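Please read the numbered points below alongside the model. They cover selected side-chain pairs and the contact between the chains.

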Amino acid sequence: MLAETAERVEAAKPHGQVSPHSQQETDRQYIFEARNIRKEFPGVVALDNVELKVSPGRVLALMGENGAGKSTLMKIISGVYTPDAGSLSLRGQPYNIKGPLDALEQGVAMIHQELNLMPFMTVAENIWIRREPLNSFGFVDHQRMYQQTQELFETLKIELDPRAEVRDLSVANRQMVEIAKAVSYDSEVLIMDEPTSALTEREVERLFSIIADLKAKGTGIVYITHKMDEVFTIADDIAVFRDGQHIGTDLASKLDREALIKMMVGREITQMFPKEEAEIGETVLAVKNLGLDGYFKDVSFELRAGEILGLAGLVGAGRTNLAETLFGVTPATQGTIELHGQEVVISQPHQAMEQGVALLTEDRKETGCFLQLSVLQNMEMAVLTDSYVEKGFVQQQQVNELCEEMKQLLKIKTPDLDETIGNLSGGNQQKALIARWLMTKPRILILDEPTRGIDVGAKAEIHRLISSLAAKGLAVLMISSELPEILGMSDRVMVMHEGTVTGILERNEATQVAVMKLASA
Amino acid sequence: MNTTTHPAPASVPEERKRFKMPQEGSILLVLVGIAVLFEILGWAVRGDTFLFNAQRLLIIVLQMSIIGLLAIGVTQVIITTGIDLSSGSVLALSAMIAASFAQTSDYARAVFPMFTDMPAVVPILLGVLAGGLAGLVNGALIARTMIPPFIATLGMMVTARGLARWYTDGQPVSLLSDEFTWFGSGYIPVVVFIVVAAIFHIALKYTRYGKFTYAIGANMNAARVSGINVNRHLVIVYSIAGLLSGLAGVLTAARAASGQAGMGMAYELDAIAAAVIGGTSLAGGVGRITGTVIGVIILGVMTSGFTFLGIDAYVQDVVKGAIIVAAVVADQYRQKKRKTA
């Protein structure tokens, strides 16, 4: 059954309608090459036979949806992961590294998406860490360090005080420090993972002129981004990844927005998504001008019984924040929420639960599972907040029966319910968490990435379950970064971009291209 | 959803359970091993039995019942990933307060001359409640200000000890009523310890209170998102630990027939050690009262055994320290094994 589904999915996967390689590659010199790279994680193939070729003095933009495998490949190049198969070479020599420090020493530097600075140290100390200039006694020569920093900043035209402590800097300035630090290594290959996500326009210009200088010096740059405008401004070549595969690389001048989006999303929707016809009932959730300072604003939509509303967008669009606000984890700062026609204030999860709202959180490890506890304890926890308890004592017999029923219904594979949930596969953990919420008999179910990191078999089962729940009148709000999942499951698709709703599409108008356009606005 | 009805789980024949060693199995083995070791050493060194001496065994239990009460409280705190360093000091404060309301009028210099010859229930209640109040402050501080439990209870440890001394300017409170001291006589403290252990064993296993305690310790974020009022629950757990410290203080005062500000010095460390030896994980989410009780007995057997063998008290501490560290190392090892399993 499992294998069968997997095969079907595999067969349905198109193998790229765009020509995979650019034509000029024969006469080009590469400073860095990755060939036939494969990387698997339990249950997922993150990278499947991909390649990446970096030329000196050129910017190679790396694009793809969330989960396309970009970050995994960058982590392989910078030495965080080791590939399962494939080869890497730098300057034509084999590139074997033991870890991130080794990568730096060999001439490959990376600007990380998440900031890696030490907040209680000065800007200069952060930049020269492990390379501090020493005086003749072997102590750190701070004077010279600050001077070096000042010189570096002057060449990069960054206006920052080398003596400032990093914690006092804005996020944008911290990013500039990261950039300066990476440049200070004088590396031959520089990887930038979404460097502009925290920058304002002025600093973006600064960064672009730094990139131009680096190009002139012959540095090969890999530039990961989601932003369309940026790509066409900065990139010489564009490589597109999708589902862990390298779809194609071409000159930026040969591509336009439309073509690029097609390369990024060009997939067919398979029978993985057995959407059941459901009768759409009355509105159960109405959100008006909802906002959470710093995360999203002016969000308005309605959700009806029996409906699956897909919520699409890129990482950082505010989708998870919206879900958490609807559930009372982070109370809204503006706007109103109406449940079943009544305006309600939700500032605690249990208030949302009393109103029949359930939230399956995005991160199974961080906010989902009680990893050391049993499957049973994981399933029963939410329902115990207001039922199956008599004078403080849990009515265990009844709870056990209910859990056993859920185990059968969701086909949770576990030797018994007393098994520690940490020993189950990701798919079965997810099913147990879905069971936790179904036991509370919700009327509105919010699912945040319900099938992330689980195998295709369990994925299909969860899709079938969601669809049948909706057919029974449950209202479902489903966040997903997988476009096929969104398009296959949803009655309507809401798209968010940088904290605002950029559009709500009906099922028949929701195509991959339409959604991606709204998501990258 | 498919509509086939599932057979009622109750009618399903009990699935063959895989044999699992009870979680306390290994720690019980350690206890037996230590006891046997002392027995052998006893015959070798002193030519006498260690174990087959009813008097000695009863003393072990009696000595440990006070530590045991503290350990039951701190076990629950540690399950929530917290710690309680204040239990020994709170014990002293409660002992002082209880004693001051249990004095007889024969004593000319009573702390509260107008509150002498009170029925025993008054000092007992006041002592226990004082402990509960200290626990409530701990819990409220931790839940509201999010300061680490280590710091909050360290503050309470110093403060409560100071209050206990300040209360009578460091003077012991003595000449307590027979009715009050009866509660410390004979095996009453042992009985109290066993009853309390039974109550919290049941509470942790069968009540919502227990379920939520484990949930918070296993994953506080997940507990919050599951609708558990984490803050309120933490306040309850620390208050219970405080109440138990208070109860231990009352029993200590009753047994000694006096209240002294230096009582319970460093008991919190023995209590934490007992919990950890008994398998309570400092990483939270794991721990059982039965394990803690065995941990308490192990500490008692060690103290008694060392004394029996005539080993120097300073050396005793060295060995005790090593055993506590070994218990935590074993805990880390267990966790790593669980992760890779």
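**Notes on side-chain pairs and the interface**

1. A:Glu307 and A:Arg304 form a salt bridge in which the closest N and O atoms are 3.3 Å apart; the term stands for a side-chain nitrogen of Lys or Arg within 4 Å of a carboxyl oxygen of Asp or Glu. A:Glu307 counts as buried at 1% relative accessibility, whereas A:Arg304 is partly exposed at 29%. Buried here is under 20% relative accessible area, exposed is over 50%, and partly exposed lies in between (1.4 Å probe, protein chains only).

2. This is a predicted model, in which local features need pLDDT of at least 70 and side-chain atom pairs count only at pLDDT 80 or more, while totals for chains, interfaces and linings use all residues. Residues are numbered from 1 along each chain as its sequence is written, chains are lettered from A and ligands numbered from 1 in the order in which they are written, and side-chain values use heavy atoms, with hydrogens and water left out.

3. Over all chains the count is 20 salt bridges. One of them joins A:Glu188 to A:Arg91, with the closest N and O atoms 2.7 Å apart. This pair links distant parts of the chain, 97 residues apart: A:Glu188 is in the loop between α6 (171-184) and β7 (189-193) of chain A, and A:Arg91 in the loop between β4 (85-90) and β5 of chain A. Helices (H or I, at least four residues) and strands (E, at least two) are DSSP runs, numbered from the N terminus. A:Glu188 is partly exposed at 27%, and A:Arg91 is partly exposed at 44%.

4. A:Lys288 forms a salt bridge with A:Glu338, the closest N and O atoms being 3.3 Å apart. The two residues sit in strands β11 (residues 283-292) and β14 (residues 334-339) of chain A, respectively, 50 residues apart. A network of salt bridges links A:Arg319, A:Glu362, A:Glu449 and A:Arg452.

5. How many aromatic pairs are there over all chains? The count comes to 8, where rings of Phe, Tyr and Trp (its six-membered ring) pair if their centres lie within 6.5 Å, and planes under 30 degrees apart count as stacked, over 60 as edge-to-face and the rest as tilted. A:Phe32 and A:Tyr95 are edge-to-face, at 5.2 Å centre to centre and 80° between the planes. A:Phe32 lies in strand β1 (residues 32-41) of chain A and A:Tyr95 in the loop between β5 (93-94) and α3 (100-106) of chain A, so the pair ties together parts that are 63 residues apart in sequence. Both A:Phe32 and A:Tyr95 are buried. In chain B, one aromatic cluster is formed by B:Phe38, B:Phe50, B:Phe306 and B:Phe308.

6. The contact (heavy atoms within 4.5 Å) takes 42 residues from chain A and 32 residues from chain B. About 3100 Å² is buried between chain A and chain B, 58% of it from carbon and sulfur atoms; buried area is the accessible area (1.4 Å probe) that two parts lose on being put together, summed over both. In chain A, the residues that lose the most area to chain B are A:Phe370, A:Gln372 and A:Met381, together 17% of what that side buries.

7. Between chain A and chain B the count is 1 salt bridge. B:Lys211 pairs with A:Glu380 in a salt bridge, the closest N and O atoms being 2.7 Å apart.
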